[in-house]
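Hello,

Here is the structure you asked to look at. My notes follow it.

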Amino acid sequence: MSKDYCANSSSKTSVVSRSKPCTELRSFVSSGLGSKEVLTLRPHTPDSQRKRAFISRWKKLSNGTIGLNPYGLYAYDTVWIIAHAVNLLLDQGGTISFSKHTSIPRYGGGIMNLSALSIFNGGQQLLENILQTNTTGLTGPLAFHSDRSPVNPSYDIINIMENGYQQVGYWYNNSGLSVVPPKTPCNWSSSNQHLGVVVWPGGTTDKPRGWVFSNNGKQLRIGVPDRVGYRAFVSRQNGTDVVKGYCIDIFLAAIKLLPYALPHRFELFGDGHKNPSYDELVNMVASGKFDAAVGDIAIVANRTKTVDFTQPFIESGLVVVAPLRRSNSRAWAFMQPFSPLMWGITAAFFLIVGSVLWILEHRINDEFRGPPRKQIGTILWFSFSTMFFAHRENTVSLLGRMVLIIWLFIVLIINSSYTASLTSMLTIQQLSSPITGIDTLISSTESIGFQVGSFAQNYLIEELNIPNSRLVPLGSPEEYARALKNKTVAAVVDEGPYIELFLSDNCMFSIRGPEFTKSGWGFAFPRDSPLAIDMSTAILTLSENGELQQIHKKWLSKKACASQTSDGVSDQLQLQSFWGLFLICGTACVIALVIHFSLAFRQYLRRSPEDDYQSDLEPSGHGSTSYGTTATRRLTFLSFIDEKKDQSKDNKSKRKREEIASSNRNGKEDESRDVSTSKRVQMNNSEILHNPDNETWLTR
């Protein structure tokens, strides 16, 4: 073996002794493995004073002519285990006796003469005594589990080379690989979970893959579909066996990233007159006729059962392509900009906003009062006139103005959107198709085209239950266009990459609906082939470094038609685009009504019987006069809401309070004038009394 190979030996070859390693190594290396470097296992025997003393005595007994390996130590311990078990059997009262076994005579014929064998009568008890052994021998602790396996087995990992060997680590039942000798208790540590430096075949310390492609001239036979249509993916060049295309470039770029050389040759599969069957190509890989298959091969479930695929290098799913027809303007074209739900919600909000504004203005605004017929007309007129900003009624309440401003902003956006959409529909050429997706094809009875060799045929028949009689095989993009134009088929079902390339040259067709399957293209290899994993890693690297996109741009990037649509969704404006505006308007209306009714209810609770009596004598909001029969009758809340709020009522009490205050001030002024007059009279009298001789009155 050379570089990139690895080998492990069996238990028969892992008997390297510590006394004569060189002789055994030469024999081992020349035993037919053909490698100078080998990794093997050897039962681990811990070092101990007892073991060293035994090896010293063994050398003296054998004069150094017989080596001692771990199996010799295990044999020594085995003899002592049996001896202790027999001694225990005798102590338990057992005897050494043998007898014939009843089943052995059936096998007594032949040269082996099995009928002459006897069985030990105390064998079951002897076995139990052996399994109960718990001692320490030359090989370490000796004990057994209940399943008769040894307790805590361990091995030395030996790296054998041409001129010697080295121990690179240990394997222990509890810790796995380690560079630390096994001990009890367990000395497991994550820092020790590795081996020393290993010299692998070829004299290298680099870890081998365990396999390598031979360089004896044999190349991988890679099957390539000999396509007739869509030659940008895979095609034969000028009648030769040279192939090129999008898939080929990706494969060649991927093998350049492999850490090893991959000798290969491409072999075309197909007759060159029609597209080959991709299922047959995959089956040839599974049967070994091809070592791999490269091309636009879809990864589907039935193919993955027989081969392994790489990571997909392009997404691919089945889509529907159908012809587009020009839509003629109709008498009701002005209804098309909005969906029916959008029309209904818009009309409902016109009525809702009109009703809310009537409630907010009814008590204080004469333009929103009058007979019921007039009020209904006012609501309808005011509601729909806001569409053109032509409403004549003025809003006087603060809440009403707030609601109206928000609603006018929403109306402005709706009008602008409607105008733009209607203009687009009437001035730009509209293309449509009665087919909206795969569901339309399933429910119809029209013919459906598919690409020869594609898995689409089996999918339509087995998964969608479409009769085979409705399916029409087509082999090239030209046949696609011809069948769709002549109405031989209503639509074509094929994989996305093919359809994108087809539509780049045929703008009168369009993809209808979304992809109804999800898959991709990959390269096929035999089951459990390591190449599938390595190629997948290489494809991911191509995707990350941008080279995959560059190859796609080189072969498949073409200018798409402006009229193409990917989902067939109508151009109508949907409620989803405006529900936020309607939510704001509805919230504003609810808040305004809550505030309005809260203030009205507060005023209703503060009304006095005198106010009720006055309201009975005043004309009602409907233009009629009603007289109360008693001053103590209380109005209901609804009647209170319906009546017109008279501002003079609020002013009456204020003027009355002002009159009372004014009369009080006038009374005080009169009293003060009377007091001052009496004081002047007293002063005059006092002056007269003090001036009896003066005949003249003194005045001041």
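Buried means under 20% relative accessible area, exposed means over 50%, and partly exposed is in between (1.4 Å probe, protein chains only). This is a predicted model, in which local features need pLDDT of at least 70 and side-chain atom pairs count only at pLDDT 80 or more, while totals for chains, interfaces and linings use all residues. Residues are numbered from 1 along each chain as its sequence is written, and side-chain values use heavy atoms, with hydrogens and water left out.

Tryptophan 171 is partly exposed, because its relative accessible area is 31%. This tryptophan 171 sits in strand S7 (residues 164-172); strands are DSSP runs of E with at least two residues, helices are runs of H or I with at least four, and both are numbered from the N terminus.

Serine 235 belongs to strand S10 (residues 235-236). It counts as buried because its relative accessibility is 5%. Leaving aside residues up to four places away in sequence, serine 235 touches Val242, Val243 and Lys244, where contact means heavy atoms within 4.5 Å. A polar atom of the serine 235 side chain also lies 3.3 Å from the backbone oxygen of arginine 231.

Helix H9 (residues 372-385) has 14 residues. From first C-alpha to last, H9 reaches 20 Å, close to the 20 Å expected at 1.5 Å a residue; the expected span is 1.5 Å times one less than the number of residues. Which residues of H9 are buried? They are Gln375, Thr378, Ile379, Phe382, Ser383 and Ser385. The buried residues of H9 pack against helix H8 (340-361) and helix H10 (398-427).

Regards

Notes:
Polar contact = N/O pair within 3.5 Å; in protein donor to acceptor, adjacent residues only side chain to side chain.
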